[in-house]
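Please examine the sequence and the structure shown below before reading on. The report that accompanies them is written for a reader who is new to protein structure.

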Amino acid sequence: MSEGVERQIIGVVGSIGPELQDELEVMDGVSEVLRISKPYKLSAREFHPEDTVVSIGEAGVKIGGGEFCVFAGPCAIEDEEQLVSTAKAVQAAGAKVLRGGAFKPRTSPYSFRGMGEDGLKLMATARAETGMPVITEVMSERDVELVERYSDVIQVGARNMQNFALLDQVGKTRKPVMVKRGFSATYEDWLLAAEYVMAGGNEDVILCERGVRTFETFTRNTMDINAMPVIKRLSHLPIVADPSHATGKWYLVSPVACASVAAGADGLIIEVHPNPDTAMSDGAQSLTFENFAALMQQSEAIRAVVTPHATSS
Ligand code: PEP
Ligand code: MN
């Protein structure tokens, strides 16, 4: 159900015959019965005209509907000092949510694959020390309960965007879920992935554009700037941009972050490390504390001049 200022919209999903439409139309209190033409329903703006605002953690950090939120932290959690010092630095610069991977999807099985539950415990320590809510990735159905216990937002990574069993499982949790776009997923594929989570009963979904695969090899991926206004038009869900994974190079992160903000992103997720040269994962795309603080100032300046873009006529 979507509760707007002027009307309530009740969504009915499944195959619905024309008779049911007629029966519903004559009921008291029903002003009209509209068919949602898109294959995704709950995530469609047609069903829910107002922007969804997702509330994160006990602190109630908001994202969507004009509320802007930056998630920042290391790609992978390495040790307490690394995580807590990063948390404090990004918080001082204005980030609201701490990111950090404990279960890392690595292309090679020989790369550092994360600290697992010990990493999640360090996330809890960093949250206790700073009051920042935390986001971390869950890679397997098996770990959903564990990650839900420690994390304020559950991240589904690009490689798992179409792991339907995992999407079903996170749909049963009561924590907001960030669904990252698959490397070569269309907007429809991606919104249908969000639909899995919502159909499971969890409507607190945040979408994340993290770049798509193109013919270009100089950058790790290519940021699809179109995604920001396209998703705003097609869906009511908040959209975050990840310029770290979209570019793969630290010196591209700030300009591409700024472009994403100008295009209407509701937030950013940025990899930051105390010493990127020694990072165990994604050092080349990680910002130093200083560069992150500079990016935050630039992004604020851009937000101040970008009024919400009209996305429907
Ligand atoms: C990450 O956020 O560290 C990550 C692995 O991202 P993606 O799933 O977008 O590659
Ligand atoms: Mn990473």
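## Basis of the report

The structure is a predicted model.

Strand 12 covers residues 267-271, and five of its five residues are buried.

Strand 12 is paired with two other strands. Strand 5 (residues 69-73) runs parallel to strand 12 and is joined to it by five bridges. Strand 11 (residues 239-241) also runs parallel to strand 12, with two bridges joining them. Leu268 takes part in both pairings: Leu268 is the bridge partner of Val70, and Leu268 is likewise the bridge partner of Ala241.

## The manganese site

Which residues coordinate the manganese ion (ligand 2)? The donors are Cys75 through SG, His245 through NE2, Glu271 through OE and Asp282 through OD, at 2.0 to 2.4 Å. Along the sequence, the donor residues follow the spacing C-x169-H-x25-E-x10-D.

Cys75 is found in the loop between strand 5 and helix 2 (80-93), and Asp282 in the loop between strand 12 and helix 10 (289-305); the pair therefore ties together parts that are 207 residues apart in sequence. Cys75 and Asp282 are both buried.

Several polar atoms of the protein lie beside oxygen atoms of ligand 1. A polar backbone atom of Ala158 is 2.8 Å from an oxygen atom of ligand 1. In the side chain of Arg159, an N or O atom is 2.9 Å from an oxygen atom of the ligand. For Gln155, a polar side-chain atom lies 2.9 Å from an oxygen atom of ligand 1. How much of the accessible area of ligand 1 does the protein cover? On its own, ligand 1 has 300 Å² of accessible area, and the protein covers 98% of it.

Notes
Residues are numbered from 1 along each chain as its sequence is written. Chains are lettered from A and ligands numbered from 1 in the order in which they are written. This is a predicted model: local features need pLDDT of at least 70, side-chain atom pairs count only at pLDDT 80 or more; totals for chains, interfaces and linings use all residues. Side-chain values use heavy atoms; hydrogens and water are left out. A polar contact is a pair of N or O atoms within 3.5 Å; within protein, one must be able to donate a hydrogen and the other to accept it, and residues adjacent in sequence count only if both atoms are side-chain atoms. Accessible areas come from the Shrake-Rupley method with a 1.4 Å probe; for residues, only the protein chains shown count as cover. Buried means under 20% relative accessible area, exposed over 50%, partly exposed in between (1.4 Å probe, protein chains only). Helices (H or I, at least four residues) and strands (E, at least two) are DSSP runs, numbered from the N terminus. Two strands pair if DSSP finds at least two bridges between them. Donors are N, O and S atoms within 2.8 Å of the metal (3.2 Å for Na, K and Ca); water is not among the atoms, so sites may look incomplete.
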